Structure formats: structure tokens, C-alpha cells
Amino acid sequence: MIGMEILQPAVVLMIWTMVMWAWMYATRIPAMQKAQVDVNRLVSDPDASLDRQLPAQVQWKAHNYNHLHEQPTVFYAVAIVLAIVGAGDGLNALLAWIYVGLRVIHSIVQVTANKVMVRFVLFALSSVVLIALIVDAALVVFGPAQ
């Protein structure tokens with residue numbers, strides 16, 4: 001179908017998000033057991049946050065999982081808009097793949113070395129790609145009727 005190619009990278013990012021979910025729990029649950037975290041205290045005591053009780057390397061996975069639910073939601077929306085209007089192929093599909101690739105690399109950096117400046121550059125680059133997709137969607141949606 002015309003314009004639907006952009007949905008492939010969107011689905012790949014969804015899959016990657018679930019990979020990060022699994023990685024987060026595979027490291028977090030054993031760390032919580034080792035630290036003997038009182039889960040009931042977590043909901044009633046702000047000083048009992050997991051960031052204070054678990055090793056930073058464990059929490060990096062949770063932080064990245066949360067990040068995958070922030071800006072990428074705009075990516076999903078623009079991908080759907082571009083697919084609906086038949087503009088999700090060609091350059092837009094390529095840009096979507098670039099966005100997803102940058103987000104996956106960002107995840108890997110964050111959950112392993114967590115180098116903030118490297119993450120910042122990857123985030124900034126992915127943001128520029130996302131802006132390009134949004135601009136194209138706006139041009140198609142608000143452009144002259146054909």
C-alpha cells in the first residue's frame with residue numbers, strides 16, 4: 001500500500017521498547033531482591049525511591065525505558081499521519097529508519113556506558129530527524145489541495 005513503508009520502523013521501535021522492558025526487569029528484579037527493597041515503602045515514602053536503593057547501572061535501563069515513552073510518541077503519531085496521507089514512503093521512510101536507529105543507539109549508550117554528551121548528540125540528531133518528519137507532515141496536511 002502507498003505510504004505504509006514508514007510503519008515498519010515504527011513497529012521496530014515498538015519492538016525495541018519491549019526489548020528494553022525485558023532488559024529492565026531482568027536486571028531490576030534481581031537487584032531489588034539483593035537490596036531487599038521494601039516495595040510497600042516505595043509507594044508511601046518519597047525517600048525510598050529505587051534510584052536511591054539500586055545501583056545506577058540497573059536504573060539506567062529503567063530511565064531509558066521511560067525515555068522510549070516520551071519523544072517517540074511524537075514519532076509514532078507523525079508516522080501514522082504520514083502513512084494515512086500516503087506520504088510514508090521514500091525519504092520519509094528513510095528518515096524514520098534513521099530516527100529509529102539513532103534511538104536504538106541512544107538506548108545502548110544509556111544502558112551501558114551512559115555517556116551524557118554522547119547521549120545528548122544522539123538525542124539532538126534524532127530530534128532534528130523527527131522535526132524533518134513533522135515539517136513534511138505539516139506541508140502535506142496543510143498544503144494546497146491536489
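A: Let's start with a term: buried means under 20% relative accessible area, exposed over 50%, and partly exposed in between (1.4 Å probe, protein chains only). A87 counts as buried because its relative accessibility is 16%. V85 has 38%, so V85 counts as partly exposed. This is a predicted model, in which local features need pLDDT of at least 70, side-chain atom pairs count only at pLDDT 80 or more, and totals for chains, interfaces and linings use all residues. Residues are numbered from 1 along each chain as its sequence is written, and side-chain values use heavy atoms, leaving out hydrogens and water.

Q: Which residues does A87 touch?

A: Contact means heavy atoms within 4.5 Å. Not counting residues up to four places away in sequence, A87 touches G3, L82, N92 and V140. A87 sits in the loop between helix 5 and helix 6; helices (H or I, at least four residues) are DSSP runs, numbered from the N terminus.

Q: How do I read a nonpolar core?

A: In soluble globular proteins, nonpolar side chains tend to be buried together. A core here is a set of buried Ala, Val, Leu, Ile, Met, Phe, Trp, Tyr and Cys residues joined through side-chain atoms within 4.5 Å. The largest one has 29 residues, of which I6, L13, F75, L82 and L133 touch the most other members. Helix 6 provides its largest share, eight residues.

Q: What does L13 touch, not counting residues up to four places away in sequence?

A: The partners of L13 are L68, P72, F75, Y76, Y99, V100 and R103.

Key
Helices (H or I, at least four residues) and strands (E, at least two) are DSSP runs, numbered from the N terminus.
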